[in-house]
Amino acid sequence: MDTGSEPEGRHRALGERGIASRRQARQTRRFYTLTAASTVIPGLGLIHTRRRTGIAMVAGFFLTILAVCGWGLAKGVTSSVIGVGVSRQALMILIPVIAVGALVWIWGIVTTARDNMPPGMSGRPRIAMVVFASLAALLIFAPAAQSVRYAVIQRSLIGTVFDQLRPDGATAPGDGDDPWEGTDRVNIMLVGSDAGADRDGIRPDSIMVASVDTQTGETVLFGIPRNLQNIPFSADNPLSKQYPEGFNCGDECLMEYVWTLGRDNAELFPDDPNPGLTVTKDATSQILGLDIDYTTVINLEGFTQLVDAMGGVTIDVKERVCIGCKIEGGVVVGTTGYIEPGVQKLNGYRALWYSRSRAESSDGDFSRMRRQRCMVGALLNQVNPTSMLVRYPKLAKTLEDNVKVDIPQQDLKAWSQLVLRIQDKGKIQSLPLTNKNIDVNKPDYAKIHAMVDEAINPPPPAPKASTPKKTPSSTSTTEPSSSSTTDTDELSDITATC
């Protein structure tokens with residue numbers, strides 16, 4: 001009997017199992033390596049099993065990267081990104097490109113995994129491989145889906161908030177490298193609307209005009225009080241025939257009623273879809289002596305949602321502000337709480353009352369104007385691009401529902417360049433018209449025009465006179481600097497108003 005054959009058979013079987021185990025280990029490593037390669041670079045892992053397809057996908061990927069980089073370097077990276085982001089046509093092309101590109105990439109991952117799955121693999125090792133391939137596909141799908149979602153939201157936002165046509169007489173940017181070359185200034189009227197279910201029409205809660213130097217980015221924000229009287233109209237305005245001396249019937253003819261006046265005389269403005277806004281724009285132009293190019297109307301009820309979408313706003317509150325309060329018969333009623341002095345973070349509801357409350361203010365509307373100016377500066381200071389990106393869907397929905405801008409969609413790229421210029425080179429100053437610098441009951445518009453002109457065209461600084469060296473016996477007095485106080489009704493930096 002041959003007893004040596006049995007040990008030899010066992011050794012042979014053990015050897016075959018070892019070879020199979022090593023082969024399976026190699027196949028497992030290859031699966032993970034090639035699947036990961038197709039995740040990092042589309043089709044890279046396919047070159048091992050589907051050479052032509054893999055090479056075509058890798059070549060297409062790198063050619064796309066080179067084309068995008070070349071275009072970005074030629075146009076400027078920031079300008080290129082903004083140009084796509086503010087163009088509905090570009091976004092319409094981008095959406096299917098991202099979707100198709102992601103599907104092809106995911107197909108490459110799945111096919112690589114399937115082609116390199118070790119034969120006969122089962123149990124936990126197979127489950128682990130399937131999970132790995134699924135997670136790899138998800139790494140591509142998730143950002144692609146989010147990008148498509150944001151592009152769809154952005155396209156909808158542009159179509160809803162911005163107009164198709166440029167307003168008559170508005171300053172039009174050019175088509176060159178600097179679209180604002182040859183344009184000295186552009187003026188935008190900002191209207192805070194208090195429209196609501198309990199309101200008859202619109203009475204602007206706040207009216208401001210941003211006058212922008214298109215070359216330096218220097219911006220001056222003018223605030224117009226709601227209780228301004230003797231409102232002038234231009235000769236082209238049909239209401240100038242009814243009010244040749246201005247809108248001047250006392251307390252019933254204030255700036256806050258101009259919008260309603262235009263709406264109630266809509267027959268004088270045939271084919272005008274919004275005569276209230278048209279008349280308000282004309283009156284604002286005459287008050288400041290500036291041509292108003294564009295308008296932005298913000299529903300202040302939506303302001304609550306806007307601040308919440310931004311995650312709140314931090315304010316240094318200077319005086320106690322009542323919440324829910326209003327004046328009836330000369331008495332403050334309805335107070336439900338207070339915003340106390342001090343640095344604090346306000347949610348949308350409290351930020352709205354901080355900006356609108358006037359019942360217990362030190363000087364009514366004018367105190368509120370200062371707080372509104374403070375709020376604008378705080379929001380500008382605290383805009384965080386990262387947090388805005390995370391909150392963008394909610395923010396975009398708020399803008400769609402509550403903001404209307406008559407800047408035409410085809411000019412958005414030029415406007416985005418102007419905004420970058422303001423952020424990079426300019427500063428924003430503010431000059432409110434209040435009872436400290438004008439008489440709201442009998443305004444001197446020539447004086448106002450001179451104030452506006454000096455604010456946007458400041459005189460050159462006077463040369464510094466040489467000062468003698470101080471001696472121990474000499475005395476000096478120091479006058480307080482006008483910039484040392486923030487609660488001022490003079491021209492001041494908006495970011496330092498509170």
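A residue is called buried when its relative accessible area is under 20%, exposed when that area is over 50%, and partly exposed in between, as judged with a 1.4 Å probe on protein chains only. The structure described here is a predicted model, in which local features need a pLDDT of at least 70 and side-chain atom pairs count only at pLDDT 80 or more, while totals for chains, interfaces and linings use all residues. Residues are numbered from 1 along each chain as its sequence is written, and side-chain values rest on heavy atoms, with hydrogens and water left out.

The protein chain has 498 residues, of which 42% count as buried. Its secondary structure comes to 15 helices and 14 strands, where helices (H or I, at least four residues) and strands (E, at least two) are DSSP runs numbered from the N terminus. Of the contacts in the chain with a separation of 6 or more, 71% are accounted for by residues 24 or more positions apart, a contact being defined by heavy atoms within 4.5 Å.

An open sheet of 8 strands runs in the order S1-S12-S5-S2-S3-S4-S13-S14, with mixed pairing; two strands are taken to pair if DSSP finds at least two bridges between them. Strand S1 (162–163) and strand S14 (492–493) are the edge strands, each of which pairs on one side only. In general, the strands of a sheet pair through backbone hydrogen bonds, either parallel or antiparallel. Both senses occur around S2, which pairs with S3 in the antiparallel sense over 9 bridges and with S5 in the parallel sense over 6 bridges. Glycine 192 has serine 206 in S3 as its bridge partner and stands opposite isoleucine 298 in S5, whereas asparagine 187 has serine 211 in S3 as its bridge partner. Because 8 of the 9 residues of S2 are buried, this strand is largely enclosed by the rest of the structure. Serine 206 counts as buried because its relative accessibility is 12%, and, leaving aside neighbours within four places in sequence, serine 206 is in contact with Leu190, Val191, Gly192 and Gln372.

The largest nonpolar core has 38 residues, and those with the most contacts inside it are Phe222, Leu228, Ile231, Phe233, Met255, Ile287 and Leu288. Such a core is a set of buried Ala, Val, Leu, Ile, Met, Phe, Trp, Tyr and Cys residues joined through side-chain atoms within 4.5 Å. Among the elements that give two or more residues to this core are strand S2 (185–193), strand S3 (204–213), strand S4 (219–224), helix H8 (275–288) and helix H15 (445–456), and H15 gives the most, with 6 residues.

Grid points are joined across faces, edges and corners, and a volume is the space filled by probe spheres set on the points. The second largest pocket has a volume of about 910 Å³ and is lined by 30 residues, of which Pro167, Asp168, Asp272, Thr278 and Lys281 lie nearest its centre. H8 provides the largest share of this lining, 7 residues. The count comes to 1 cavity of 30 Å³ or more, and the largest cavity has a volume of about 130 Å³. Of the 17 residues that line the largest cavity, Met208, Gly223, Ile224, Met369 and Gln372 are the closest to its centre, and H11 supplies the largest share of the lining, 5 residues.

Most residues other than glycine have a negative phi. Asparagine 230, however, has a positive phi of about 55°; this residue is found in the loop between S4 and helix H6 (239–242) and is partly exposed, with a relative accessible area of 26%. Aspartate 271 likewise has a positive phi, of about 70°, and is found in the loop between H7 and H8, where aspartate 271 counts as exposed because its relative accessibility is 83%.

Technical notes:
On a 1 Å grid over the protein atoms alone, a cavity is a set of points where a 1.4 Å probe fits but cannot get out, and a pocket is an open set with protein on both sides within 12 Å along at least five of seven lines; lining residues have an atom within 4 Å of a point.
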